[in-house]
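The sequence and the coordinates come first.

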Amino acid sequence: MAELTNPERRMLRALQKRSDDWTLEEILQECDWTDQAIAVSAGHGLTNKGLAKTMESSNKEVILGEEGIKASENGLLEARLWNFIQSNPNSTMKDLSSHFERHEAGPGIGLLKGLGVTIQGGNFSCEDNDSVADSILERTKFIQSPSIDSPLLDHFKGRKNLIEIVEMVSRTWKITKNGSGIPVEELEEVVQIAEITPELLQSDEWKNATFRPYDVSLEAAMPRSGRSHPMQALIERIRSIFLEMGFSELVDDYVQTAGWNMDSLFIPQDHPAREMQDTFYLDEPKKIEIEAKLLADWKAIHEHGGDTESTGWGGEFSEEIAQKGLLRTHTTVNTIQYLAENPKEPCRVFAIDRVFRKESIDRTHLPEFHQIEGIIMEPGANLGMLVTTLKTFYQKMGYPEVRVRPAYFPYTEPSLEVEVKWRGKWLELGGAGIFRPEVTEPLGIKDPVCAWGMGLERLAMLVLGLDDIRQLYISDLEWLRNQPIL
Ligand code: PHE
């Protein structure tokens, strides 16, 4: 049999004193408790262990409602009106209306009429004053101490918020044979240690001590201490997953040139995403110089494919457009620059950073958001490796079902869309692919590069169960406090 708790021991000792039923009051008194909940839960525990029996009966009781409580303090409406009429014998309907609130006078008269009071020409009269007074007295007595058996119950049930009928459960307990059989020495309450202190550990006392077990099923107050914002906590978690997978983190500026953000990635200069309405271009600095050699290489690639086998986009490449300042629209601008600086060394790099697009704000869009970017460059890097890496990442985040679908980006071939299954639906979380030669060759990169960029806020919506992305940024304290620890 499971260990008895201290309250169970105390209650069983009480029940052993006599074998008939014990009421709650008797238990509370015998056990010297004031909290009913302790008695009820000890009784429940003893019953589960077969040491006692709980008998439950429920009966209906009447209690005062909100208006009933007021009436018990200030008098029933009909009583107050009646008293007024009695002490002002010539009072009229008009007096009553000015003396009482508008919402009282009307219904109050209705009640008095029901008791036999009549109004003639604005004056009150009554055939039998005593009978009215008696009825009012009866009602007053009821409201002072309501009883479920009273003949007035139906009358009060029909009046708003005066009374409520509630179901009360009352319990009694009785010892069982097994319960009587437990020797009283075994029902000694044990001193349990709830807190392990250095003193306890230094002494020898811990060896014979009984420790209070944790009951993880109990309701507990939420500790309200400082904590990371859920978004920050999520970033930390993603960061640790990539670090664990052997990646290094890259942090870089969000002020960039169109050249790096787009031209280096073989995004054509007339691509719609480059328009003012999609990208935040800067007034200051309006132009950011780019090395002439790079501009010449990109120009060649864009116009005719340069030294690659590509035919390029054709048209005329503008160096001026390439040198425009902007807020990066994707973090791919940073991984590509990392590769440009380290074209020969195999690497695994990730970034979790802020990007900007001219989106109108709604449930799923913000003009400022974050991407989770990454690359793997090494001899033999291939599509299988890319897909496995992304699947592993989402698996570690707690989303085991991941699929990829063909997609298009100007800078990757093949290109993929990554989708995760959530609540039975496939949700698109990002893009990926292998950088095209038009991107890698001008930078002197020889090994294949797997690359991806995924939305952080999208993932946050899944993790936190949000249906509105804006919730993440509105500083709603109540919501913040109740977020899970990630
Ligand atoms: N940069 C793309 C985006 O912003 C994602 C992507 C990154 C796609 C790397 C392919 C390779 O959606």
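## Backbone exceptions

Asn-161 sits in the loop between α9 (153-157) and β5 (163-175); helices (H or I, at least four residues) and strands (E, at least two) are DSSP runs, numbered from the N terminus. The model is predicted, with local features requiring pLDDT of at least 70 and side-chain atom pairs pLDDT 80 or more, while totals for chains, interfaces and linings use all residues. Residues are numbered from 1 along each chain as its sequence is written, and side-chain values use heavy atoms, with hydrogens and water left out.

Asn-161 is not a glycine, yet its phi is positive, at about 60 degrees. Its relative accessibility of 41% makes Asn-161 partly exposed; the classes are buried (under 20% relative accessible area), exposed (over 50%) and partly exposed (in between), with a 1.4 Å probe and protein chains only. Asp-32, also other than glycine, has a positive phi near 65 degrees. Asp-32 belongs to the loop between α2 (24-31) and α3 and is exposed, at 64% relative accessible area.

One joins Glu-284 and Pro-285, with omega about -5 degrees, and Pro-285 is in the loop between α13 (258-261) and α14 (292-304). Another runs from Glu-413 to Pro-414, with omega near -5 degrees; Pro-414 is in strand β14 (residues 412-422). As background, most residues other than glycine have a negative phi, and most peptide bonds are trans.

## Helix pair and domains

How do helices α1 and α3 cross? The axes of α1 (residues 6-15) and α3 (residues 36-48) come within 9 Å and cross at roughly 80 degrees. Axes here are lines fitted to C-alpha atoms, for helices over the stretch in contact, and angles run from 0 to 180 degrees between N-to-C directions. The two helices are therefore roughly perpendicular, a class that covers 65 to 115 degrees.

On the α1 side, Pro-7, Glu-8, Met-11, Leu-12 and Leu-15 are in contact (heavy atoms within 4.5 Å) with Ile-38, Ala-39, Ala-42, Gly-43, Gly-45 and Leu-46 of α3. By class, this contact has 8 nonpolar, 2 polar and 1 charged residues; Ala, Val, Leu, Ile, Met, Phe, Trp, Tyr, Cys and Pro count as nonpolar, Asp, Glu, Lys and Arg as charged, and the others, Gly among them, as polar.

The chain is assigned domain 1 (6-62 + 167-211), domain 2 (66-161), domain 3 (233-254 + 328-481) and domain 4 (257-324), with bounds from an automatic or database domain assignment. The centres of domain 1 and domain 4, taken over C-alpha atoms, are 79 Å apart.

## Salt bridges

The whole structure has 31 salt bridges, each a side-chain nitrogen of Lys or Arg within 4 Å of a carboxyl oxygen of Asp or Glu. Among them are these pairs:

| Pair | N to O distance |
|---|---|
| Arg-171 and Glu-56 | 3.0 Å |
| Glu-236 and Arg-239 | 3.6 Å |
| Glu-368 and Arg-354 | 2.4 Å |

In the pair formed by Glu-368 and Arg-354, Glu-368 lies in strand β12 (residues 368-377) and Arg-354 in strand β11 (residues 347-356), so parts 14 residues apart in sequence are tied together. Glu-236 and Arg-239 are both in helix α12 (residues 230-244), 3 residues apart, about one turn of the helix. Arg-171 is partly exposed at 27%, whereas Glu-56 is exposed at 56%. A network of salt bridges links Arg-10, Arg-13 and Glu-189.

Notes: Angles under 35 degrees count as roughly parallel, over 145 as roughly antiparallel, 65 to 115 as roughly perpendicular and the rest as oblique.
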